[in-house]
Amino acid sequence: KISESSIQGLYTVSIGSQIFYMSQNGKFILQGDIYDAETGANLTERDRISARKDFLNQLDEEEMVIFAPNEFKHTVTVFTDVDCGYCRKFHSEIDEVMDLGIRVRYLFFPRTGPDTESWEKAEKVWCSQDQHRAMTKAKKGQKLTARVCPNTPVEKHFNIGQLLQVQGTPTIISDKGEIIIGYIQAEALKARLESNL
């Protein structure tokens, strides 16, 4: 996506959540943050947040494992690894998270990469008849009986995570496009989602 930046003659280029700036003639590309000298606001981070939000809104929810209460006020997208300790801790509180009106959209991000045990477990979760139950079993370290099926979204999710520069798991992206890295307790997550940050 290319749009005019806050600086005349400079254009904002967003690829996933990565932000670059390009001269009007396309000859020069800059990377870095632009701050408003009067307010101190980080204009580049504002653009990153907007780009993340737009990007995630375009994803197909049919390719996610979603834990949702009947009524919800917030949606978070979580890059998760079934073998990650803090991902497991977050998932152990999934009922509490949902009780607080938060819907969780899981994307698979096996940190060890393709052709690893974690990757295969993610595929087995996807291929299970009951994905919710399989996700919970995997997060508890229990063995999954499903076979790996074709056309799982694991590789796609992993590539999306790389495009969004996910460094570790869990990486939680709020419905406002803000990133929360690592485990956060349910009440703290709700407070963060309802803050004006």
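Strand β8 (residues 171–173) and β9 run antiparallel and are joined by three bridges, where strands are DSSP runs of E with at least two residues, helices are runs of H or I with at least four residues, and both are numbered from the N terminus. One of these bridges links T171 to its partner I181 in β9. The model is a predicted one, in which local features need pLDDT of at least 70 and side-chain atom pairs count only at pLDDT 80 or more, while totals for chains, interfaces and linings use all residues. Residues are numbered from 1 along each chain as its sequence is written, and side-chain values use heavy atoms, with hydrogens and water left out.

β8 and β9 belong to an open sheet of five strands, ordered β5-β7-β6-β8-β9, with mixed pairing; two strands pair if DSSP finds at least two bridges between them. Because β5 (65–67) and β9 (179–181) stand at the edges with a single partner strand each, one side of each has no neighbour in the sheet. From one strand to the next, the twist averages 20°. Helix α6 packs on this sheet, touching β6 (74–80) and β7, and its direction makes about 100° with that of β7; contact means heavy atoms within 4.5 Å, and such angles run from 0 to 180 degrees between N-to-C directions of axes fitted as lines to C-alpha atoms, for helices over the stretch in contact.

The structure holds four aromatic pairs, counted when ring centres of Phe, Tyr or Trp (its six-membered ring) lie within 6.5 Å, with planes under 30 degrees apart taken as stacked, over 60 as edge-to-face and the rest as tilted. The rings of F109 and F158 are stacked, because their centres lie 4.8 Å apart and their planes make 25°. F109 lies in the loop between β7 (102–108) and α4 (117–127), whereas F158 lies in helix α6 (residues 154–163), so this pair ties together parts 49 residues apart in sequence.

The pair formed by W119 and F158 is edge-to-face, since the ring centres are 5.3 Å apart and the planes stand at 65°. With W119 in helix α4 and F158 in helix α6, the pair therefore ties together parts that are 39 residues apart in sequence. Ring pairs link F79, F109, W119 and F158 into a cluster.

## Burial and contacts

Buried here means under 20% relative accessible area, exposed means over 50%, and partly exposed lies in between (1.4 Å probe, protein chains only). F109 counts as buried at 6% relative accessibility, W119 at 8% and F158 at 10%.

H157 is also found in helix α6, and its relative accessibility of 2% means that H157 counts as buried. Apart from neighbours within four places in sequence, H157 is in contact with E63, M64, F79, Y106, L107, F108 and F109.

## The four-stranded sheet

Another open sheet has four strands in the order β1-β2-β3-β4, and its pairing is antiparallel. β1 (2–4) and β4 (29–30) are at its edges, each with a single partner strand, so one side of each is left without a neighbour in the sheet.

Within this sheet, six bridges join β2 (residues 10–15) to β3 (residues 18–23), and the two strands run antiparallel; S14 has I19 of β3 as its bridge partner. Helix α1 (residues 43–57) packs on the sheet and touches β2 and β3, with its direction at about 120° to that of β3.
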